[in-house]
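Welcome! Have a look at the structure before reading on.

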Amino acid sequence: SKAKLFDEKTDTRTTFKDVAGLEGAKEEVEEIVEFLKNPDKYTSLGGKIPKGALLVGPPGTGKTLLAKAVAGEAKVPFFSLSGSDFVEMFVGVGASRVRDLFKQAKDKSPSIIFIDEIDAIGRARGKNNFTGSNDERENTLNQLLTEMDGFGSNTNVIVLAATNRADVLDKALMRAGRFDRLIYVDLPDIRERKEIFEVHLRPIKTAETLDLDFLARQTPGFSGADIANVCNEAALIAARKEKKAVTKQDFLDAVDRIVGGLEKKNKIIT
Ligand code: ATP
């Protein structure tokens, strides 16, 4: 299959209003939006536009969402691949997939390339943590480095990559002219959780005015993805009971259910 290209007809664009909290990270990527919209302004004094930035943080904190919002704000195409695709689907053709992806993005530039779970291809060389052969992974990584070095700063393709394991990445990826900007995307604090609830309550029919401070207090350690899950689950719980709208108790039941799920997940890991 081809790399996914944003389709104006079937998808509604993600913008910064969909991303709650993450003020620092948003500020950093706002600059990337500016580069994409107005490259000539930034190169006029001889400066080079960065080619890549690495989004680093725990699972479900909004890294993919933020990358999509950059493309949405700049109104440019979004090409994405996941590092785990290389492990599971593209065995033997990793390098040619990378070449393909960059070609498509350059043809449609200005554009964004997003590589999720880059650690699956970008682990430090010589450490055999790859399900496929290590040569295969190295070839894929080398092709990625070659592509990033190969396009000039006038190409106007910006590569965003996400990982929750920046510590295992090959240092070659972080060298100047590659992913030389690190953007931290952390778990939300209580105020940010409240904002994330606000975003995900938009489509939900609620029975009463919900106390969002209360919900934020009930969800310490939850990621944005967990909170999205709570809102969805609450709506399903209420619907199952044939209620006309979602109540506070449905949210509490959903929180319990998600906490149960998180505990199970942690048990499997440890
Ligand atoms: P992973 O590392 O698991 O790929 P991620 O950091 O890329 O996770 P996303 O895929 O962007 O996380 O988040 C999953 C979903 O969780 C989003 O589509 C969104 O619905 C919700 N979400 C996460 N963070 C936020 C946030 N800051 N604001 C609003 N929604 C969020």
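## Rings and a ligand

Searching the whole structure turns up two aromatic pairs. Keep in mind that this model is predicted. A pair of aromatic rings is described by the distance of the centres and the angle of the planes.

**The edge-to-face pair**
- Phe35 and Tyr42 sit edge-to-face, with 4.9 Å from centre to centre and 90° between the planes.
- Phe35 counts as buried because its relative accessibility is 5%, under the 20% cut-off.
- Tyr42 has 29% relative accessibility, so it counts as partly exposed.

**The stacked pair**
- Phe78 and Phe114 are stacked, at 5.9 Å centre to centre and with 25° between the planes.
- This pair links distant parts of the chain: Phe78 belongs to strand 3 (residues 78–82) and Phe114 to strand 4 (residues 111–116), 36 residues apart.
- Phe78 counts as buried at 9% relative accessibility, and Phe114 counts as buried at 2%.

**A charge over a ring**
- Lys248 lies over the face of Phe214, 4.3 Å from the ring centre.

**Around the ligand**
- The ligand is surrounded by 17 residues, and the closest are Ala20, Gly60, Lys63, Thr64 and His200.
- By class, this shell has eight nonpolar, six polar and three charged residues.
- A ligand oxygen atom is 3.2 Å from a polar backbone atom of Thr61, and a ligand oxygen atom is 2.9 Å from a polar backbone atom of Leu65.
- A nitrogen atom of the ligand is 2.8 Å from an N or O atom in the His200 side chain.
- Taken alone, the ligand exposes 630 Å², and the protein buries 77% of that.
- Helix 3 (63–74), helix 8 (190–201) and helix 10 (224–240) are the elements that each give two or more residues to the shell.

Key
Residues are numbered from 1 along each chain as its sequence is written. This is a predicted model: local features need pLDDT of at least 70, side-chain atom pairs count only at pLDDT 80 or more; totals for chains, interfaces and linings use all residues. Side-chain values use heavy atoms; hydrogens and water are left out. Rings of Phe, Tyr and Trp (its six-membered ring) pair if their centres lie within 6.5 Å; planes under 30 degrees apart count as stacked, over 60 as edge-to-face and the rest as tilted. Buried means under 20% relative accessible area, exposed over 50%, partly exposed in between (1.4 Å probe, protein chains only). Helices (H or I, at least four residues) and strands (E, at least two) are DSSP runs, numbered from the N terminus. A charge sits over a ring if NZ of Lys or CZ of Arg is within 6 Å of the ring centre and within 35 degrees of the ring normal. A residue is near a molecule or strand if one of its heavy atoms lies within 4 Å of it. A polar contact is a pair of N or O atoms within 3.5 Å; within protein, one must be able to donate a hydrogen and the other to accept it, and residues adjacent in sequence count only if both atoms are side-chain atoms. Accessible areas come from the Shrake-Rupley method with a 1.4 Å probe; for residues, only the protein chains shown count as cover. Ala, Val, Leu, Ile, Met, Phe, Trp, Tyr, Cys and Pro count as nonpolar, Asp, Glu, Lys and Arg as charged, and the others, Gly among them, as polar.
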